[in-house]
Amino acid sequence: MAQTLTQLIANVQAQLIDDGTRFSTATCTAALRACLMDVNERAPINAGTRIDVIAYQKEYELSDEDSRAMSILDILEWDDDGEDHTPINYDAYTEDERLFFRLRTALSSGEILARYTIPHTISGLDSETESTPSARLDQILVDGACAEAIAFRAASRIETIN
C-alpha cells in the first residue's frame with residue numbers, strides 16, 4: 001500500500017536515525033518533494049484516454065482531457081473491432097503549460113487513443129489526497145529523500161562556516 005507524506009517522513013527520519021531534531025519535518029518534506037520530482041521524470045505513470053474525433057480537425061489539447069498529462073507517448077486511431085489501433089503521425093507541443101498534439105493528417109470520424117504520462121502523487125504533499133507510488137517506489141523515495149536531506153543539511157552546515 002502506498003504511504004502518506006507523514007509515513008514517508010517518519011521512514012526518512014528513522015532511516016537517518018533522527019527524531020526530527022537534525023532532519024525536521026520541513027526538511028524531509030522538501031527532500032521528498034525533490035526526490036518525487038526526479039522519480040516523475042524517470043518513472044512516471046502511463047495513462048491513456050479516448051478522444052472523439054472532430055471532423056477534419058488537426059489540433060487537440062490533451063490537457064483538456066487530463067490536466068495532469070506531462071508528455072505524450074503516442075497517438076493511435078481507435079479500432080472498435082479489436083486491439084489493432086493504428087499509429088497516427090503527430091507533432092506534440094506545449095503552450096502556456098498545456099499539452100497539445102497536431103495530427104499531420106486530419107481524420108473525418110472515429111476516436112483517437114492518446115497514451116501519455118502523469119506524475120506520481122503523495123497523499124498530504126501539495127494538497128494531494130492519493131498516494132500512487134508502489135511499495136518499491138516508496139522505498140526508492142525514502143532512500144532518495146535521505147540523500148536529499150543529507151545534502152540539504154551539509155549545505156546548511158557549510159554555509160554557517162562562511
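A salt bridge here is a side-chain nitrogen of Lys or Arg within 4 Å of a carboxyl oxygen of Asp or Glu. Hi everyone, keep that in mind while we look at this predicted model, where local features need pLDDT of at least 70, side-chain atom pairs count only at pLDDT 80 or more, and totals for chains, interfaces and linings use all residues. Residues are numbered from 1 along each chain as its sequence is written, and side-chain values use heavy atoms, with hydrogens and water left out.

Let's start with the open sheet: 3 strands in the order β2-β6-β5, with antiparallel pairing. Strands are DSSP runs of E, at least two residues, numbered from the N terminus, and two of them pair if DSSP finds at least two bridges between them. β2 (59-61) and β5 (90-95) are at the edges with a single partner strand each, so one side of each has no neighbour in the sheet. β5 and β6 (residues 98-103) are joined by 6 bridges, and glutamate 95 sits opposite arginine 98.

Now, the salt bridges: the structure has 10. Arginine 102 meets glutamate 59 at 3.0 Å, N to O. Arginine 102 lies in β6 and glutamate 59 in β2, so this pair ties together parts 43 residues apart in sequence. Arginine 102 is partly exposed at 34% relative accessibility; the cut-offs are under 20% relative accessible area for buried, over 50% for exposed, and partly exposed in between, with a 1.4 Å probe and protein chains only.

Next, arginine 104 bridges to aspartate 91, with the closest N and O atoms 2.8 Å apart. Arginine 104 is in the loop between β6 and β7 and aspartate 91 in β5, so parts 13 residues apart in sequence are tied together.

Note on methods: Helices (H or I, at least four residues) and strands (E, at least two) are DSSP runs, numbered from the N terminus.
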